[in-house]
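Subject: Structure handover

Hello,

Here is the structure for your files. My notes on it follow below.

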Amino acid sequence: MTSKMTFEADKIDDPISHDTWLTQQINTAFDRMENGLAVFVSNEEANVQMEDFKAKVRARNKNL
């Protein structure tokens, strides 16, 4: 299960400091890496994925 919550979303349910939230995010990332769950991609692949994501968002917004 992947958690993609932002700090702003977390603040609504549980008001914590940004430092605490950031520490939790970093610890989660290291836990995923140590357990073999992290996936690393090259800069080129990340750029391709971001362009695909942007295209989907733009297409979705055209329908609004």
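Does Leu22 count as buried, exposed or partly exposed? Leu22 counts as partly exposed, because its relative accessibility is 36%. The classes are buried (under 20% relative accessible area), exposed (over 50%) and partly exposed (in between), with a 1.4 Å probe and protein chains only.

First, the ground rules. This is a predicted model, in which local features need pLDDT of at least 70 and side-chain atom pairs count only at pLDDT 80 or more, while totals for chains, interfaces and linings use all residues. Residues are numbered from 1 along each chain as its sequence is written, and side-chain values use heavy atoms, with hydrogens and water left out.

Confidence. pLDDT is the predictor's confidence in each residue, from 0 to 100. The chain averages 84, and 78% of the residues score at least 70. Among the elements, helix 3 (residues 43–62) has the highest mean pLDDT, 95. Helix 1 (residues 7–13) has the lowest, 56.

Fold. The chain has three helices and zero strands. The order from the N terminus is α-α-α. Helices (H or I, at least four residues) and strands (E, at least two) are DSSP runs, numbered from the N terminus.

Helix 2. Helix 2 covers residues 18–34, and its 17 residues should span 24 Å at 1.5 Å a residue. The expected span is 1.5 Å times one less than the number of residues. The end C-alpha atoms are 24 Å apart, which agrees. Gly36 follows helix 2 and has a positive phi, near 75 degrees.

Surface. The chain exposes about 5900 Å², with 56% supplied by carbon and sulfur atoms. Areas come from the Shrake-Rupley method with a 1.4 Å probe; for residues, only the protein chains shown count as cover. Of the 64 residues, 5% count as buried. Leu22 sits in helix 2. Leu22, Ile26, Phe30, Met33 and Phe40 make a nonpolar surface patch of about 510 Å². Patches take residues with over 30% relative accessible area and no salt bridge; like charges are joined within 9 Å, nonpolar side chains (Val, Leu, Ile, Met, Phe, Trp, Tyr) within 5 Å.

Salt bridge. The whole structure has one. The term means a side-chain nitrogen of Lys or Arg within 4 Å of a carboxyl oxygen of Asp or Glu. Glu51 pairs with Lys54, with the closest N and O atoms 3.7 Å apart. Both lie in helix 3, three residues apart, about one turn of the helix. Glu51 counts as partly exposed, because its relative accessibility is 44%. Lys54 is also partly exposed, at 32%.

Best wishes
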